[in-house]
Amino acid sequence: MARITRLISKYPWLAYLFICLVAVADAIVSIVLLYPNDFAPVGIQGFVTMIQHKLGISVGYLYLFVNAPLLILAFFILTKGYSFKNLSYILTFSVSTVVAQKIIAHFDLSFLEFHAKTDEQAIIAAALYGVFFGIVYPI
């Protein structure tokens, strides 16, 4: 952890690269594990996941739409660096989600999605999502 902090302080662009990589991973893991099993994560992503389930609008579009006013507010209240890091995550997650969903639909890659056959399997999918981000987010 200290090693990563030193690298980021030396090369600030690495923070944005890492944020974008985590956003892409979040989009892919969500598409593979959560959305097919009708699970919603916490926060705004969970809220827009429920809207996607009811209306059929992609989480990618909704996530950007719901976060836009918050990003504008954050730009004036919080530090600019923090605001731009949030912007980079939100844009990357939104674009990654839309692109991945379109690729899966276009090339019929639905076999990559984990569709649980029992409630226990669905809970395992949600737990795997939690484990994945429990490891990634603290970094």
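**Helices, surface patch and pocket**

Ile-103 is partly exposed, its relative accessible area being 39%; the term covers values between buried, which is under 20%, and exposed, which is over 50% (1.4 Å probe, protein chains only). The model is predicted, so local features need pLDDT of at least 70 and side-chain atom pairs count only at pLDDT 80 or more, while totals for chains, interfaces and linings use all residues. Residues are numbered from 1 along each chain as its sequence is written, and side-chain values use heavy atoms, with hydrogens and water left out.

Ile-103 sits in helix 5, where helices (H or I, at least four residues), like strands (E, at least two), are DSSP runs numbered from the N terminus. Leaving out residues up to four places away in sequence, Ile-103 touches Asp-108 and Leu-109; contact means heavy atoms within 4.5 Å. Ile-123 is 20 residues from Ile-103 along the chain, and their C-alpha atoms are separated by 26 Å.

Asp-108, one of those contacts of Ile-103, belongs to the loop between helix 5 and helix 6. Asp-108 counts as exposed because its relative accessibility is 56%. Its phi is positive, near 50°, although the residue is not a glycine. Most residues other than glycine have a negative phi. Asp-38, which is not a glycine either, has a positive phi of about 60°. That residue is placed in the loop between helix 2 and helix 3, and at 54% relative accessibility Asp-38 is exposed.

Helix 4 spans residues 59-77 and contains Asn-67. Asn-67 is counted as buried because its relative accessibility is 7%. Apart from neighbours within four places in sequence, Asn-67 contacts Ile-44 and Ile-90. Phe-76 also lies in helix 4, but at 64% relative accessibility Phe-76 is exposed.

Phe-76 is part of a nonpolar surface patch of about 850 Å², together with Ile-72, Leu-73, Phe-75, Ile-77, Leu-78, Tyr-82 and Phe-84. Patches are built from residues with over 30% relative accessible area and no salt bridge, joining like charges within 9 Å and nonpolar side chains (Val, Leu, Ile, Met, Phe, Trp, Tyr) within 5 Å. A salt bridge is a side-chain nitrogen of Lys or Arg within 4 Å of a carboxyl oxygen of Asp or Glu. Areas come from the Shrake-Rupley method with a 1.4 Å probe, and for residues only the protein chains shown count as cover. Helix 4 gives the most to this patch, five residues; helix 4 and helix 5 (80-106) each supply at least two.

The largest pocket has a volume of about 480 Å³. Of its 20 lining residues, Val-22, Tyr-63, Asn-86, Tyr-89 and Tyr-137 are the closest to its centre. On a 1 Å grid over the protein atoms alone, a pocket is an open set of points with protein on both sides within 12 Å along at least five of seven lines, whereas in a cavity a 1.4 Å probe fits but cannot get out; lining residues have an atom within 4 Å of a point. Points are joined across faces, edges and corners, and the volume is the space filled by probe spheres set on them. Helix 5 provides the largest share of the lining, five residues. At least two lining residues come from each of helix 2 (13-34), helix 3, helix 4, helix 5 and helix 6 (119-136).

Helix 3 (residues 43-55) also holds Lys-54. Lys-54 is exposed, with a relative accessible area of 70%. From Lys-54 to Ser-96 there are 42 residues in sequence and 21 Å in space, C-alpha to C-alpha.
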